[in-house]
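Open the model in your viewer and keep the selection panel at hand. Each stop below says what to select and what is there.

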Amino acid sequence: MAQSSKATARLLDKTEADLVASTQRGAIGALPDDALRDLAGKLRERRDKARDGARRQKREMRGKAEPKGTKPATDNTGTKAKADALTAALKRVGAERTRREEKAKIPSQRSLARKALALKQRQLAAERPASRTASKGMRPVENPKAAKSGALNDAGARPAMMRSKIARQS
């Protein structure tokens, strides 16, 4: 579930809050690619640290691990929420990087027009005859199995003739 900006700011320290703020809609689009890559690395590092802390606190609560401080942790919801906020920011960075990669794959209108022109010119060159004399070209191929036109033993010829006689008489 999405967290409010106030709740997120309460969970994170100043540097983490700045990192997460730079992944918001308006700010992330203005970042160059190398800054976006660096931001992803920093967020991933902070997220892993928070996630490991939440796991350690969970083990302390169950009594499976020694406490890091003087007394064992009683709750890990804050650390888990911090890891979730950093994970959401990291997902936004990943989505932006994917969007930029997809945008780079799409050819520009200029390159598409040049490609179309090249195809058209190649097609026109192929259609022109090599000489001014006509070749044999396409010739009809007779079907040897077909009955000659008007043959009475041809299937459908007799009913057709009957229809034509009836049509002439009326």
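Start at G63. This residue sits just after α4 and takes a positive phi of about 85°. Keep in mind that the model is predicted.

**Stop 1: the whole protein**

Zoom out and colour by secondary structure. There are 7 helices and 0 strands. From the N terminus on, the order of elements reads α-α-α-α-α-α-α. Now colour by accessibility. Of the 170 residues in the protein, 18% are buried.

**Stop 2: helix α4**

Select residues 33–62, which form α4. This helix has 30 residues. From its first C-alpha to its last, α4 reaches 43 Å, close to the 44 Å expected at 1.5 Å a residue.

Which residues of α4 are buried? Show side chains for L36, L39, A40, L43, R47, A50, G53, A54, Q57 and E60. The list includes R47 and E60. For the spacing along such a list, recall that an α-helix has 3.6 residues a turn, so residues three or four places apart point the same way. What covers the buried residues of α4 includes α2, α3 and α5.

**Stop 3: α2 against α4**

Two packed helices are described by the angle between their axes and the distance between the axes. Here the axes of α2 and α4 come within 11 Å and cross at roughly 130°. That angle lies between 115 and 145 degrees, so α2 and α4 are oblique to each other. Their crossing is left-handed.

Now pick the contact itself. On the α2 side, select T15, E16, L19 and V20. They meet L39, K42, L43 and R46 in α4. By type, the residues of this contact of α2 with α4 divide into 4 nonpolar, 1 polar and 3 charged. L39 and L43 also belong to the buried residues of α4.

**Stop 4: helix α5**

Select residues 77–105. How far apart are the end C-alpha atoms of helix α5? They are 42 Å apart, which agrees with the 42 Å that 29 residues should span at 1.5 Å a residue.

The buried residues of α5 are T79, A81, A83, A85, L86, A89, L90, V93, E96 and R100.

**Stop 5: α4 against α5**

Hide everything but α4 and α5. Their axes come within 8 Å and cross at roughly 155°. The angle is over 145 degrees, so α4 and α5 are roughly antiparallel to each other. α4 passes α5 in a left-handed crossing. The residues of the contact of α4 with α5 divide into 11 nonpolar, 4 polar and 11 charged.

**Stop 6: L90**

Finish on one residue. L90 is found in helix α5. Is L90 buried or exposed? At 11% relative accessibility, under the 20% cut-off, L90 counts as buried.

Which residues does L90 touch, not counting those up to four places away in sequence? Select A40, L43, R44 and R47. Last, draw a C-alpha to C-alpha distance from L90 to G41. The two are 49 residues apart in sequence and 9.0 Å apart in space.

Technical notes. Residues numbered from 1 in each chain as written. Predicted model: local features only at pLDDT ≥ 70, side-chain atom pairs only at ≥ 80, totals over all residues. Heavy atoms only, no water. Helix = DSSP H or I, 4+ residues; strand = E, 2+ residues; numbered from the N terminus. Expected span 1.5 Å × (residues − 1). Buried < 20%, exposed > 50% of the residue type's maximum accessible area, 1.4 Å probe, protein only. Contact = heavy atoms within 4.5 Å. Axes fitted to C-alpha atoms, helices over the stretch in contact; angles between N-to-C directions. Parallel < 35°, antiparallel > 145°, perpendicular 65-115°, else oblique. Left-handed = near helix turned anticlockwise from the far one by under 90°. Nonpolar A, V, L, I, M, F, W, Y, C, P; charged D, E, K, R; others polar.
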